[in-house]
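Open the model in your viewer and keep the sequence panel beside it.

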Amino acid sequence: MEQALIKPSFTPEVVAQIGNFPITNSFLVTLVISAVIIIGALLLKRGIKNGKPSGFQNIIEMVFEGLLDLVDGVTGNREQTRRFFPLVATIFIFVILINWVEVVPGLGTVGVEEIHHGEKVLLPFIRSAAADLNVTLVIALVAVVASQFMGITALGFKKYAGKFLVSPFKKPYFVGTFVGILEIISEFAKIISFSFRLFGNIFAGEVLLTVMLMLVPLFIPLPFLFLEIFVGFIQALVFAMLTLVFMKMATEAH
Amino acid sequence: MELLGNLGINTKLFIAQLINFAILFFVLKKFAYQPILKVLDERKNKIDKGLKDAEKAGKKLEKITEKEEKVLDKANKKATEILLEAENKIEENRAKAVTETEEEISELMKKAEQKIAEKKEQMLAELKKDVAGLVVMATEKVLDEKVDGEKDRELIQKVTSKL
């Protein structure tokens with residue numbers, strides 16, 4: 001039997017099709033991760049209702065307290081922390097989990113074989129969801145839109161719009177207008193940098209791990225696995241922190 | 001659009017992911033963040049309250065100790081005062097008793113002296129009487145023997161001249 005070619009693909013592979021809807025491997029992973037998170041949340045809620053904190057609840061509390069302190073450090077005000085915290089924490093938890101899917105055994109290697117352009121190609125079942133631009137773009141979009149929303153609710157629509165649309169007939173004249181346009185561009189740039197940073201890091205990690213596994217299947221990939229765990233954590237933290245900082249910046253008047 | 005497609009972006013998948021993330025966000029918010037924040041808040045309040053209570057208790061203890069000391073001090077002072085007073089009173093009483101006794105003694109002495117003086121006078125008077133009697137008796141005896149001659153005459157003369 002001829003060995004199927006393992007070719008890391010830039011785009012997530014379609015492993016099934018329901019009607020018109022393509023099910024990609026990264027979408028499958030997203031669903032599984034989401035289910036895990038939701039079940040965890042429900043268990044947590046039940047545990048809290050029971051009163052006595054269990055080990056699971058303690059760990060979650062520790063993580064949340066750390067995150068809260070982090071958010072507090074940026075906002076410097078508890079009320080704002082409460083507003084920002086849900087989104088920042090959700091992004092952190094979701095991103096870190098989809099990043100860590102990378103190190104699940106079978107990533108990129110277990111799947112269905114398919115003839116593609118005359119070559120036998122493996123379509124893996126598991127692909128880190130962060131190595132799918134759809135996912136990273138969604139999170140980036142949510143983060144940026146949320147920061148606009150926070151800015152509008154904190155400053156009022158007129159004042160917030162005044163950050164971007166500056167009349168060329170007032171004090172800094174055309175400089176102000178130009179800066180306003182730059183601000184608008186930077187908001188779009190944020191979406192792109194958010195989504196491509198995460199995608200690039202995780203996709204690169206996936207390729208690296210797959211290649212390492214192909215070259216030397218034993219022991220050698222281990223350090224890279226640890227490296228990818230670290231990268232996954234860092235990327236999640238960066239994503240969450242940047243979201244937080246952008247939200248904070250949006251709520252500050254000039 | 002082709003560029004987006006080449007990057008693997010698919011509208012349907014994109015929307016599905018968006019919905020997925022939204023669900024995740026709301027579920028986490030409802031079942032994880034709110035309850036956990038509540039628990040953390042409650043715990044913080046509890047700890048704050050405990051600390052405050054402990055501080056209050058410490059302060060109260062200090063106050064009570066101070067008060068105790070004050071009360072003890074006061075009691076001590078009062079006790080000394082009472083003792084001193086008692087001593088004073090005893091001393092006074094003693095002095096009074098002594099003076100009273102002395103007075104009594106001196107009075108008694110005076111009375112005794114008076115009595116002695118009275119007795120002496122009485123005795124002297126009696127003695128005078130006795131001595132007069134004796135003198136008369138002695139005179140009679142002397143007269144008895146030497147009543148003659150001139151003396152007799154003289155005496156008779158004296159007596160008769162007076163008559």
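Two residues are in contact if their C-beta atoms, placed from the backbone, lie within 7 Å. This is a predicted model, in which local features need pLDDT of at least 70 and side-chain atom pairs count only at pLDDT 80 or more, while totals for chains, interfaces and linings use all residues. Residues are numbered from 1 along each chain as its sequence is written, and chains are lettered from A and ligands numbered from 1 in the order in which they are written.

Select residues 174-215 of chain A, helix H6, and then residues 221-251 of chain A, helix H7. Helices (H or I, at least four residues) and strands (E, at least two) are DSSP runs, numbered from the N terminus. The axes of H6(A) and H7(A) lie 10 Å apart at an angle of about 175°; the pair is therefore roughly antiparallel (over 145 degrees). Axes are lines fitted to C-alpha atoms over the stretch in contact, and angles run from 0 to 180 degrees between N-to-C directions.

Show side chains where the two meet: on H6(A), the residues include A:Phe194, A:Leu198 and A:Ile202; on H7(A), they include A:Phe224, A:Val231 and A:Phe239. This contact has 14 nonpolar, three polar and two charged residues. Ala, Val, Leu, Ile, Met, Phe, Trp, Tyr, Cys and Pro count as nonpolar, Asp, Glu, Lys and Arg as charged, and the others, Gly among them, as polar.

Next, show both chains: 34 residues of chain A are in contact with 24 residues of chain B. On the chain A side, H1(A) gives the most, with 10 residues.

Finally, select chain B, which has three helices and zero strands.

Terms used. Parallel < 35°, antiparallel > 145°, perpendicular 65-115°, else oblique.
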